[in-house]
Amino acid sequence: MPIKLNEENGGKILVIQASGTLVKEDYPDFVSEFERLLEKHGKPRLLFDMIGFEGWDAGGAWEDLKFGIHHYNDLERMAMVGDKRWQHAIEIIFKPFARAKIRYFDRADEAEARKWLEQA
């Protein structure tokens, strides 16, 4: 599965691991599980792990955009961890689609990303 969603800290932090190229068909199960956890725990903080992530095809990009618009107010913070130069630009792309504070961290700084997520 190209998108995995895991709970940490009793659901206060959700870890999204994306790998390969995301397509439209990757989203229904992910969105359903995200919404279940949102209902259960309230506004989460996200760690978006992009190690091995290659991007989206057109259908996947559309689904991701719809997800971002629908959940615009539902996140507190999002730390993005990646290992490719282009992934840093995703921080800029995501900002208009979330009220959350968003920061990009290089792979070597994942511990710092987790600390940032846990800050008040």
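Which exposed residues does the face of helix 4 turned away from its buried side carry? The legends below take up this question in a predicted model, beginning with the helix itself.

View 1. In helix 4, which spans residues 110-118, the residues A113, W116 and L117 are buried. Seen down the helix axis, these buried residues fall within an arc of 100°, so they line one face of helix 4. The face turned away from this buried side carries A111, K115 and E118, which are exposed.

**View 2. Helix 4 against the strands.** Helix 4 lies across strand 1, strand 2, strand 4, strand 6 and strand 7, and runs at about 175° to strand 6. The buried residues of helix 4 pack against strand 2, strand 4, strand 6 and strand 7.

View 3. Five strands form an open sheet in the order 1-2-4-6-7, with mixed pairing. Strand 1 (3-8) and strand 7 (101-106) stand at the edges with a single partner strand each, so one side of each is left without a neighbour in the sheet. On average, and with direction ignored, neighbouring strands of this sheet are turned by 20° against each other.

**View 4. The pairing of strands 6 and 7, and helix 1 on the sheet.** Strand 6 (residues 77-82) pairs with strand 7 in the parallel sense over six bridges, and R77 stands opposite K101 in strand 7. Helix 1 (residues 27-41) packs on the sheet, where it touches strand 1, strand 2 (13-18) and strand 4 (45-49), and the direction of helix 1 makes about 15° with that of strand 1.

Conventions. Residues numbered from 1 in each chain as written. Predicted model: local features only at pLDDT ≥ 70, side-chain atom pairs only at ≥ 80, totals over all residues. Heavy atoms only, no water. Pairing = 2+ DSSP bridges. Helix = DSSP H or I, 4+ residues; strand = E, 2+ residues; numbered from the N terminus. Axes fitted to C-alpha atoms, helices over the stretch in contact; angles between N-to-C directions. Contact = heavy atoms within 4.5 Å. Buried < 20%, exposed > 50% of the residue type's maximum accessible area, 1.4 Å probe, protein only. Arc of directions from axis to C-beta.
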